[in-house]
Amino acid sequence: MASKVVFKDYIPNQNVLFPPNLSELIDSKHPVRVVSGIVDGLDLTSLMRNYKPGGTSSYHPKMLLKVLVYGYLCNIYSSRKLEQALKENIHFMWLSGMSQPDHNTINRFRSQRLNGQIKEIFTQIVLLLEREGIVSLKTAFVDGTKIEANANRYTFVWGKAIKKSKERIEQQLEELWNYAQSVAKEELKNTESVDFRAIDKEKVEAAINTINAVLKEKKVPSKVRQKLNYAKKNWPKNLEKYKQQEEILQNRNSFSKTDTDATFMRMKEDHMLNGQLKPAYNLQISTNKQFILHYSLHPNPTDTKTLSPHIDSFEKSYKKVPKELVADAGYGSQENYNLLKARKIKAFVKYNYFDRDCKTKQVTASQNNPELAKIRQKAFDLLKTKRGEQLRKQRCHDVEPVFAQIKHNKGFKRFMLRGQNKAEVEIGLLSIAHNLQKMALAG
């Protein structure tokens, strides 16, 4: 005779005499408890100053910060999905104390309240890690990666295109001026000469008005009239637009129209494999034991020029610089070696020919730049020491896995917010979440 199948009791609509405590449903070593405990211990005085008295009550910034950090830890970056989690996920419900701020409140706190505040909060957590002996600020492994901006990939402005357009206007204006001189030389005899190499809106406007005035009573081809009319209508307006675009560009070669802080860069994560340029930011991080010590965001596509501002912001945060800095050949420029020497930082930084020089056992000379040859020799000798070999091996196991964690495990390959300041808030939240997750896993 077959035994009877027995099922556990299932009474979904049964009332509970005492409602359950959410805390009892969460494991004692769950990462959400680490997030809550660390944020509770932070000094958020500076963040609190952003709030003005009067009006309706506000959600507590500690609660909103916990929700955002834990959201980034759980790969939830959308404010709408965070709003949903606050109603459905017991971890978020426990963190918020059953409060349910909507997505607008969450996004406003992230993009406005945390703007200019997140770096200080992140620094407090790193200093806590240092006090606990988990990380050291003495040795920093530096590397960079590009993260796509939240911007249209097909609306852009190129510095070279502006330059060509201005040159075309200069050339055509000079042709019109020469034509006007050939037709009305006497009328233009007493006019000031036009500098076609330094034109601006006012100069072009004045030159076109002068040409129009002297040719008004003259018989000229219709094509010339059309060109003059087009020039009067469009050139001054275009030059003013180019001037504004050049102010946005500064030293960059491009920017996106929908996020003017973002620069077009070649991305490694290119599923089309066609080397497509995309609007992006260059994220630089310093790590130690796979914890993020510091981060900075840059519009420069190459890593070479990012090292100086990265070290400056590191010093601003911690009032000191690392004693040892380890980086790959992307940072091995003469300027960077001199910078690190001036800042009294021991530079375990490769140069372009280092791997080849290791095989030939001879440092590549530079006949045109003897100073660079000396710098390479010093870098080579330092990298070949026992400490240098140890740090070189450690670098690829320290900083590169952090990028793998961010981009592949956490799926963060594109910013949610627009503008460099807001993108820095997202990187701050992501970095805090990364460090706290490692703390939780370490127990």
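How many aromatic pairs does a search of the whole structure find? The search turns up 13, where rings of Phe, Tyr and Trp (its six-membered ring) pair if their centres lie within 6.5 Å, with planes under 30 degrees apart counted as stacked, over 60 as edge-to-face and the rest as tilted. This is a predicted model, so local features need pLDDT of at least 70 and side-chain atom pairs 80 or more, while totals for chains, interfaces and linings use all residues. Residues are numbered from 1 along each chain as its sequence is written, and side-chain values use heavy atoms, leaving out hydrogens and water.

One of the pairs is Tyr77 with Phe412, edge-to-face at 5.1 Å centre to centre and 85 degrees between the planes. It bridges distant parts of the chain, 335 residues apart: Tyr77 sits in the loop between helix 3 (61-73) and helix 4 (79-88), Phe412 in the loop between helix 16 (400-409) and helix 17 (420-442). Helices here are DSSP runs (H or I, at least four residues), numbered from the N terminus. Phe412 also pairs edge-to-face with Phe415, at 5.6 Å and 80 degrees. Tyr77 and Phe412 are both buried, as is Phe415; buried means under 20% relative accessible area (1.4 Å probe, protein chains only).

Notes: Helix = DSSP H or I, 4+ residues; strand = E, 2+ residues; numbered from the N terminus. Buried < 20%, exposed > 50% of the residue type's maximum accessible area, 1.4 Å probe, protein only.
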